Amino acid sequence: MVPRLPGFRRWMWDGEFAGSIGLRWQNGTAALPPYCLGHIGYSVVEWKQRRGYATAALLLILEDARAMKLPYVEITTDPDNLPSQKVILAAGGNLFERFNKPPQFGSKPCLRFRIALA
């Protein structure tokens, strides 16, 4: 068992559920343990995708990360997930590294983006 990280999840809402976004961190550092691929994860329900919900939610949650004094956040995505990459780039993300996920995540290729907050 691994220690649970502090974090929270918010809903995307337009009068009905549209998706969710979450932020997690380790107290006192921007680094994450190896079993945690990124600070932020999000998902939009299929029938509401491509309407800007993920980008808007990401921009809002970055304000929370800034308030917590994180110097940056990292977000990972699969290389073929172009819509997610577009969301991250729209929020100021830069490709930080290409890597293979750890075995518990399938050892598949992955992209790690970093968004500077300072």
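The lining of the largest pocket draws at least two residues from each of four elements: β3, α1 (53-67), β4 (72-77) and α2 (82-90). The model you see is predicted: local features need pLDDT of at least 70 and side-chain atom pairs pLDDT 80 or more, while totals for chains, interfaces and linings use all residues. Residues are numbered from 1 along each chain as its sequence is written, and side-chain values use heavy atoms, leaving out hydrogens and water.

Let's begin with the chain as a whole. Its elements follow the order β-β-β-α-β-α-β-β from the N terminus, giving 2 helices and 6 strands. The chain is as compact as a globular protein of 118 residues, because its radius of gyration, 14 Å, is close to the 13 Å of the globule rule (C-alpha atoms; 2.2 Å times the number of residues to the power 0.38). The C-alpha trace spans about 35 × 30 × 30 Å along its principal axes. Of the 118 residues, 42% are buried. Among contacts (heavy atoms within 4.5 Å) with a separation of 6 or more, 54% join residues 24 or more positions apart.

Now back to the pockets (open sets of points on a 1 Å grid over the protein atoms alone, where a 1.4 Å probe fits, with protein on both sides within 12 Å along at least five of seven lines; lining residues have an atom within 4 Å of a point). The largest pocket holds about 560 Å³ of space. It is lined by 24 residues, with Tyr42, Ala54, Pro83, Ser84 and Val87 closest to its centre. Strand β3 gives the largest share of this lining, 5 residues.

The second largest pocket holds about 250 Å³. Its lining has 16 residues, and those closest to the centre are Leu5, Gly7, Arg9, Leu23 and Arg24. Here, the elements that contribute two or more residues are β1 (7-13), β2 and β3.

| Residue | Relative accessibility | Class |
|---|---|---|
| Glutamine 26 | 27% | partly exposed |
| Lysine 48 | 5% | buried |

Glutamine 26 sits in the loop that links β2 (17-24) to β3 (40-44). Leaving aside residues up to four places away in sequence, glutamine 26 touches Leu5, Ala31, Leu32 and Pro33. A polar atom of its side chain lies 2.9 Å from the backbone oxygen of alanine 31. Between glutamine 26 and glutamine 104 there are 78 residues of sequence separation and 20 Å of space, C-alpha to C-alpha.

Lysine 48 is in the loop between β3 and α1.

Definitions and conventions
Buried < 20%, exposed > 50% of the residue type's maximum accessible area, 1.4 Å probe, protein only. Polar contact = N/O pair within 3.5 Å; in protein donor to acceptor, adjacent residues only side chain to side chain. Points joined across faces, edges and corners; volume = space filled by probe spheres on them.
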